[in-house]
Amino acid sequence: MDSLKLDHELENDSHMTVNPLDPEEFRRQGHMLIDFIADYYQNIESYKVLSQVEPGYLKKLLPESAPYYPESIETILQDVQKYIIPGITHWQSPNYFAYFPSSGSTAGFLGEILSTGFNVVGFNWMSSPAATELECIVMDWLGEMLMLPKSFLFKGNGGGVLQGTTCEAILCTLAAARDQMLNRCGSEKLEKLVVYGSDQTHSALQKAAQIAGIHTKNFRAIKTAKSNSFGLCPNSLRDAVHADVEAGLVPLFLCATVGTTSTNAIDPIGPLCEVAKDFNIWVHVDAAYAGSACICPEFRHFINGIEGANSFTLNAHKWFLTTLDCCCLWVKDPSALTKSLSTNPEFLRNKATDSKLVVDYKDWQITLSRRFRAMKIWLVLRSYGVANLRNFLRSHVKMAKLFEELVRNDNRFEVMAPRNFALVCFRVLPWPNDISVANHVEPVNELNKKLLDRPWLESINESGNVYMSSTVVDGAYIIRCAIGATLTEERHVIRAWKVIQEHADALLSKN
């Protein structure tokens with residue numbers, strides 16, 4: 001009986017078979033999807049920026065199991081509109097000012113479509129020569145736009161690779177530095193290796209250190225100060241390194257940052273590299289957000305001293321019109337990466353690799369498989385050109401200057417850190433012009449938490465009109481306005497400030 005039922009079911013299923021990659025059906029559905037996304041962007045300002053759903057909302061709306069028979073793309077897109085879009089925080093909204101931007105563009109989206117459409121797995125040169133060679137070319141193009149020293153380019157003795165995120169890139173460079181050091185001083189020194197950053201360095205460094213086997217006691221987050229605009233002081237680094245050497249430890253790795261996450265602080269690369277050189281420390285420069293702006297001549301000075309570093313990263317998916325994920329990593333000595341990250345199983349052996357004339361990017365990263373990310377950057381660079389990319393970045397900096405001016409002109413508010421690039425850090429004060437406000441840290445912090453994010457009518461983020469994020473620096477709760485969404489115009493910045501003022505009026509009237 002069960003056998004007959006199964007045969008009948010199989011016979012019925014045979015009539016439901018579809019070709020998963022029929023070109024004409026792909027064309028039809030693809031046009032529908034492009035129209036759907038275009039409509040989304042056309043109407044994006046009508047959505048509340050921060051999703052208003054409650055945890056677990058989607059489980060209540062979707063079936064408990066996957067459909068047994070196919071459903072039409074029309075039905076699926078209806079459900080995307082009905083169920084998924086309400087649960088999206090709209091990172092591409094012109095009213096999105098939180099964290100750092102994730103800027104998209106037509107060229108970036110189309111590059112993603114080409115990359116996904118070809119669906120190559122470019123782990124080595126032979127697996128798709130164009131994927132590897134285009135990546136080498138665009139990394140040199142971008143490196144030259146940044147005026148990186150030739151030693152970081154394939155045209156020199158260095159080279160670049162596209163990874164997923166800075167987190168991956170830091171881990172790869174830390175592993176390379178670790179193995180390089182242990183080859184010199186012996187593997188038994190692993191527990192004595194020390195990693196350095198500041199108290200403003202991204203948490204990715206600490207995670208990478210843990211994964212790379214660095215003892216938790218040997219991670220140094222060196223304190224910064226407002227007097228140095230929260231940048232890492234070279235003298236403080238030297239003191240920390242001296243103390244570790246005196247204690248019999250081995251200084252290994254420094255992560256310097258150009259544009260920290262909290263306040264966009266700038267670590268002085270040149271002087272830090274001079275300290276590191278004295279102790280043979282690998283220097284990685286993390287410019288995940290701000291690095292893109294350094295293609296503009298007026299911002300290039302922020303990475304002065306890069307010639308003394310060993311590696312450098314920026315995230316093209318943050319502020320360079322390239323969709324997630326796309327982290328650009330350059331290294332002076334690619335062999336340091338490949339010695340740490342290479343594996344050569346028999347099933348991957350081939351003549352091109354054995355010739356030593358090609359790049360096999362599997363040996364520059366953690367994973368074996370990799371996406372054709374270079375296609376996205378290639379389209380962005382060709383579609384917009386250097387001049388337009390510079391103007392795009394400058395427009396956001398100009399809008400940030402306007403927002404900063406608006407904040408400074410209202411004596412109820414205080415700018416909390418120098419505005420570097422397009423991030424403004426500020427807070428509201430309950431007692432304007434009161435110089436003793438430093439003695440009232442907690443009340444001021446609570447006031448700003450309520451203004452930004454507490455679930456009540458006077459909360460900026462709960463209103464859905466704009467979305468900003470926060471940080472805590474030197475004990476102070478700070479509101480961050482990061483301008484960088486592709487669609488943001490001056491009118492959105494002015495409107496955002498009005499929203500802040502309206503909510504501040506309501507909040508302060510209750511205090």
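This briefing covers the nonpolar cores, strand pairing and selected helix residues of the structure above.

The model is predicted: local features need pLDDT of at least 70, side-chain atom pairs count only at pLDDT 80 or more, and totals for chains, interfaces and linings use all residues. Residues are numbered from 1 along each chain as its sequence is written, and side-chain values use heavy atoms, with hydrogens and water left out. The largest nonpolar core holds 105 residues. Strand S7 (residues 327-331) has five of five residues buried.

**Nonpolar cores**

- A nonpolar core here is a set of buried Ala, Val, Leu, Ile, Met, Phe, Trp, Tyr and Cys residues joined through side-chain atoms within 4.5 Å.
- Buried means under 20% relative accessible area, exposed means over 50%, and partly exposed lies in between (1.4 Å probe, protein chains only).
- Within the largest core, of 105 residues, Phe312, Trp330, Phe403 and Met468 touch the most other members.
- Helix H13 (residues 374-408) gives the most to this core, with 14 residues.
- Helices (H or I, at least four residues) and strands (E, at least two) are DSSP runs, numbered from the N terminus.
- Phe403 touches Val424, Phe426, Met468, Cys481, Ile483, Val493, Trp497 and Ile500, leaving aside residues up to four places away in sequence.
- Contact means heavy atoms within 4.5 Å.
- A second, separate core has 34 residues, including Cys136, Cys172, Leu174 and Leu205.
- In soluble globular proteins, nonpolar side chains tend to be buried together.

- Strand S1 (residues 159-163) runs antiparallel to S7, and five bridges join the two.
- Gln163 stands opposite Cys327 in S7.
- Strand S6 (residues 311-315) is also antiparallel to S7, again with five bridges.
- Leu314 has Cys328 of S7 as its bridge partner.
- Two strands count as paired if DSSP finds at least two bridges between them.

**Strand S4 and its partners**

- Strand S4 (residues 250-257) is mostly covered, with eight of its eight residues buried.
- Four bridges join S4 to strand S2 (residues 193-198), and the two run parallel.
- Leu193 has Val250 in S4 as its bridge partner.
- Five bridges join S4 to strand S5 (residues 282-286), also in parallel.
- Cys255 is partnered by His284 in S5.

**Helix residues**

- Thr132 sits in helix H5 (residues 129-145).
- Thr132 counts as buried because its relative accessibility is 3%.
- Thr132 touches Asn124, Trp125, Val359 and Tyr361, not counting residues up to four places away in sequence.
- Gln81 belongs to helix H3 (residues 73-84).
- Gln81 counts as partly exposed because its relative accessibility is 38%.
- Gln81 touches Phe36, Tyr47 and Pro86, again not counting residues up to four places away in sequence.
- Gln81 and Phe36 are 45 residues apart in sequence and 9.2 Å apart in space, C-alpha to C-alpha.
- Ile34 lies in helix H2 (residues 23-42).
- At 45% relative accessibility, Ile34 counts as partly exposed.
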